[in-house]
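Q: I have a structure open and would like to go through it piece by piece. Can you help me read it?

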Amino acid sequence: DKRIKKLADYIRQFTFSFEGETEGKQYQLTPESIYYIDSVDGKTFLYDNTQSYLCRQTLSSLETLLKDTTFVRISKNCILNTAYLKCVAPFTNHRMKAELKNGEHLLISRNYIDDLKEKIRS
């Protein structure tokens with residue numbers, strides 16, 4: 001049934017890891033440790049509670065890999081892990097602002113609000 005499929009998809013995110021780099025060191029990062037993924041100037045960064053890591057994969061390839069997990073695209077350059085979403089609030093120009101459990105804020109583009117709502121509801 002639908003609930004079992006959702007549970008299986010959630011468990012699937014524990015079967016792989018990301019390779020991240022910071023200060024010349026390589027790290028294996030699990031998806032559940034990542035708060036969000038951001039792309040800036042053609043480079044992709046993974047963010048955990050305290051640090052950022054350069055990732056060699058593109059945002060688009062990560063989005064495909066993270067399909068059916070707790071991650072959802074919230075803007076052209078950002079993917080959010082909804083497990084760390086504290087709350088959302090309206091923002092200017094029909095956008096929303098997401099507050100994460102670590103106190104950081106991210107903007108949700110109006111084109112992705114419905115995707116976020118669907119992910120939260122499911």
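A: The talk below goes through the sheet, the salt bridges, the backbone angles and the pocket of this predicted model.

Q: Start with the sheet. What is the order of its strands?
A: The order is S2-S1-S5-S4-S3-S7-S6, an open sheet of seven strands with antiparallel pairing.

Q: Which are the edge strands?
A: Strand S2 (25-29) and S6 are the edge strands, and each pairs on one side only.

Q: And the twist, what does it average from one strand to the next?
A: The average is 35 degrees from one strand to the next.

Q: How many bridges pair S6 and S7?
A: Four bridges, in the antiparallel sense, with S7 covering residues 78-81. As a landmark there, Ser 75 stands opposite Cys 78 in S7.

Q: Now the middle of the chain. How do S3 and S4 pair?
A: Strand S3 (residues 36-40) and strand S4 (residues 43-47) are antiparallel, with five bridges. Ser 39 has Thr 44 in S4 as its bridge partner.

Q: How many residues lie between the strands in that hairpin?
A: The hairpin of S3 and S4 has two residues between the strands.

Q: What about S4 and S5, how many bridges there?
A: S4 and S5 pair over four bridges, again in the antiparallel sense. Phe 45 stands opposite Leu 54 in S5, and the hairpin that joins S4 to S5 runs through four residues.

Q: Is Asp 41 buried or exposed?
A: Asp 41 lies in the loop between S3 and S4 and counts as exposed, at 77% relative accessibility.

Q: Asn 93 has a positive phi too. About how many degrees?
A: The phi of Asn 93 is about 55 degrees, and Asn 93 is not a glycine.

Q: Where does Asn 93 lie?
A: Asn 93 is in the loop between strand S8 (85-90) and strand S9 (96-100). Its relative accessibility is 54%, and Asn 93 counts as exposed.

Q: Change of topic. How many salt bridges does a search of the whole structure find?
A: Four salt bridges are found.

Q: Take Arg 56. What does Arg 56 form a salt bridge with?
A: The partner of Arg 56 is Glu 21, and the closest N and O atoms are 2.8 Å apart.

Q: Which parts does that pair tie together?
A: Arg 56 lies in the loop between strand S5 (52-55) and helix H2 (59-65), and Glu 21 lies in strand S1 (residues 18-22), so the pair ties together parts that are 35 residues apart in sequence.

Q: Are those two buried or exposed?
A: Arg 56 is exposed, with a relative accessible area of 64%. Glu 21 is partly exposed, at 21%.

Q: What about Glu 63, which residue does Glu 63 form a salt bridge with?
A: Glu 63 pairs with Arg 73, with 2.7 Å between the closest N and O atoms. The pair links distant parts of the chain, since Glu 63 is in helix H2 and Arg 73 in strand S6, 10 residues apart.

Q: Is Arg 73 buried or exposed?
A: Arg 73 counts as buried, at 13% relative accessibility, whereas Glu 63 is partly exposed, with a relative accessible area of 32%.

Q: And Asp 68, what does Asp 68 form a salt bridge with?
A: Asp 68 forms one with Lys 67, where the closest N and O atoms are 4.0 Å apart. Asp 68 is partly exposed at 33%, and Lys 67 counts as exposed at 54%.

Q: Last topic, the largest pocket. How many residues line the largest pocket?
A: The lining has 22 residues, and Asp 68, Thr 69, Phe 71, Lys 119 and Ser 122 lie nearest the centre of the pocket. The largest pocket holds about 590 Å³ of space.

Q: Which element gives the most to the lining?
A: H1 gives the most, with five residues. The elements giving two or more residues are helix H1 (2-12), strand S6 (71-75) and helix H3 (113-121).

Q: And by class, what does the lining have?
A: The lining of the largest pocket has 11 charged, seven nonpolar and four polar residues.

Key:
Residues are numbered from 1 along each chain as its sequence is written. This is a predicted model: local features need pLDDT of at least 70, side-chain atom pairs count only at pLDDT 80 or more; totals for chains, interfaces and linings use all residues. Side-chain values use heavy atoms; hydrogens and water are left out. On a 1 Å grid over the protein atoms alone, a cavity is a set of points where a 1.4 Å probe fits but cannot get out, and a pocket is an open set with protein on both sides within 12 Å along at least five of seven lines; lining residues have an atom within 4 Å of a point. Grid points are joined across faces, edges and corners, and a volume is the space filled by probe spheres set on the points. Ala, Val, Leu, Ile, Met, Phe, Trp, Tyr, Cys and Pro count as nonpolar, Asp, Glu, Lys and Arg as charged, and the others, Gly among them, as polar. Two strands pair if DSSP finds at least two bridges between them. Axes are lines fitted to C-alpha atoms, for helices over the stretch in contact, and angles run from 0 to 180 degrees between N-to-C directions. A salt bridge is a side-chain nitrogen of Lys or Arg within 4 Å of a carboxyl oxygen of Asp or Glu. Buried means under 20% relative accessible area, exposed over 50%, partly exposed in between (1.4 Å probe, protein chains only).
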